[in-house]
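Me: I would like to go through the model below by question and answer. Please define each term when it comes up.

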Amino acid sequence: MADFEPGSLPDLLPLYYRRVFPFGLYGRWLRYGDVSKNYFQRREFSFTLRDDIYVRYQSFNTPLELEKEIQKMCPYKIDIGAVYSHKPIQHNMVHLGAFQAQEKELVFDIDMTDYDDVRRCCSSAEICPKCWTLMSIAIRIIDRALVEDFGIKHRLWVYSGRRGVHCWVCDESVRKWSSSLRSAAVEYLSLVKGGEETIKKVTLPDNIHPFISESLNVVKRYFREYALVEQDILGSKESYEKVLALVPETVRKELLQEFTKKHDSVKRWELLTKAMERHSNTLKKMAHTESEIMLQYCFPRLDMNVSKGINHLLKSPFSVHPKTGRISVPIDLKKLDEFDPFAVPTISRLCHELDTVSNDEGDAKENDGEPENSRRSRDYKKTSLAPYVKVFEQFLEEMEKSHKKERLKASDMQLDF
């Protein structure tokens, strides 16, 4: 089967939205059990249509209404925004200043292009199995911190469909966080500082914070194979000079000479670590140099603006990426290192799978008046999207189970007098 061709998107989207997109689960997610009056109705959606026509402030009374509109418009991209004080579709009818974003999931956007200064295999929008490890490292570091440092329970990690990952933090208390709280969370989770002109982007204090120590433990698990073997960061003169620019000058000169005697990154890294040990007693600023290099090359790079703004829009899970045709799918954290962005189903593949499945049984049941939602659930279960939908379903089930437990606890407290 031929690779996805962007020009085929208008022909494929109607079938995808009609038979594959998991609207039932999608509605369950964004309603959060109707936590407050008109919660779903006050949620903003935006659609990117053909020829880059961008439509903001869309809102719907029910998930079914949203489903019908998406099937009618067949957007190239769906973005999810905040829950507002009023229905977003009425934003022009509300008095100036009264229309306010009230809550939204805390979201994180990690994009591979932000690592271009430290990856050698690819650049810009390109990715490959060698650099995708950076996304696995980022997910492990951020997810551990969310759970253990922030006490967060409900996180949905999603592949963007091209070159990065998104995280949706869905705990009820976190959805109500202010912009300042969101900014503080991103600041806590950020370590790599400075733009293109900044050479040394990680500087550690004398006393290492537990978050950094835990992050280093993750990085060390991957560093040798990822940075030294696959990225070969000390393999050429040009690349090892970039690394040595992070080392104090007195030791840098020594290592430049020693590196000529060894010819691969693993052996050159051994020379570097031994030099660090030799000089650590005399040069105090050398104490964390090795760790600083590892973190600069591997630590997650977050887009602050995406996370801090309550009214910021982010691409919806199960959107189709218009350049690659890949579906933006949830990632199973239990199988994180097995996740392959190149194995993610494309819209072309899904439509082909639907075409090749025998519809005899489905047609017969349709004639018997089978509900459309039941037919659709069978349809995506017949495709390669099924395991990814299962991850999403498990996320919803865990969240709903937790909400039910909290409601029962609250009810018991009211009766406890």
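Reply: Contact means that heavy atoms lie within 4.5 Å. The model is predicted: local features need pLDDT of at least 70, side-chain atom pairs count only at pLDDT 80 or more, and totals for chains, interfaces and linings use all residues. Residues are numbered from 1 along each chain as its sequence is written, and side-chain values use heavy atoms, with hydrogens and water left out.

Me: How many helices and strands make up the secondary structure of the protein?
Reply: Both are DSSP runs numbered from the N terminus, helices being H or I with at least four residues and strands E with at least two. On that basis, the protein has 16 helices and 8 strands.

Me: What share of the residues in the protein is buried?
Reply: Buried means under 20% relative accessible area and exposed over 50%, with partly exposed in between (1.4 Å probe, protein chains only). The C-alpha atoms fill a box of roughly 80 × 65 × 45 Å along the principal axes. Of the 417 residues, the buried share is 51%.

Me: How do helix 4 and helix 7 pack, in terms of angle?
Reply: Axes are lines fitted to C-alpha atoms, for helices over the stretch in contact, and angles between N-to-C directions run from 0 to 180 degrees. Helix 4 (residues 129–149) and helix 7 (residues 210–230) have axes 10 Å apart and pack at an angle of about 170 degrees.

Me: Which label does that give helix 4 relative to helix 7?
Reply: Angles under 35 degrees count as roughly parallel, over 145 as roughly antiparallel, 65 to 115 as roughly perpendicular, and the rest as oblique. The packing angle of the two helices is about 170 degrees. Helix 4 is therefore, relative to helix 7, roughly antiparallel.

Me: How do the residues in the contact of helix 4 with helix 7 divide by type?
Reply: Ala, Val, Leu, Ile, Met, Phe, Trp, Tyr, Cys and Pro count as nonpolar, Asp, Glu, Lys and Arg as charged, and the others, Gly among them, as polar. The helix 4 side includes Leu134, Ile137 and Arg144, and the helix 7 side includes Val218, Tyr222 and Glu230. The division is 10 nonpolar, 3 polar and 7 charged.

Me: What is the relative accessibility of Leu134?
Reply: Leu134 is found in helix 4. Beyond neighbours within four places in sequence, Leu134 is in contact with Met112, Tyr115, Tyr226, Tyr297 and Cys298. Leu134 counts as buried because its relative accessibility is 0%.

Me: How many of the 21 residues of helix 4 are buried?
Reply: The expected span of a helix is 1.5 Å times one less than its number of residues. For helix 4 that gives 30 Å, which agrees with end C-alpha atoms 30 Å apart. Helix 4 is largely enclosed by the rest of the structure, because its buried residues number 15.

Me: Where does helix 7 bend?
Reply: Helix 7 has 21 residues and reaches 29 Å between its end C-alpha atoms, close to the 30 Å expected. A bend at a residue is the angle between axes fitted to the seven residues ending there and the seven starting there. In helix 7 this comes to about 60 degrees at Phe223.

Me: Which helices are among what covers the buried residues of helix 7?
Reply: The buried residues include Phe211, Val219 and Leu228. Ser213, also in helix 7, is partly exposed at 31%. The cover includes helix 4, helix 6 (179–188), helix 10 (265–279) and helix 11 (289–298).

Me: Which residue just after helix 7 takes a positive phi?
Reply: Just after helix 4, Gly151 has a positive phi of about 75 degrees. Just after helix 7, a positive phi of about 50 degrees is taken by Asp232.

Me: Which residues does Lys200 touch, not counting those up to four places away in sequence?
Reply: Lys200 lies in the loop between helix 6 and helix 7. At 32% relative accessibility, Lys200 counts as partly exposed. Lys200 touches Leu246, Glu292 and Gln296.
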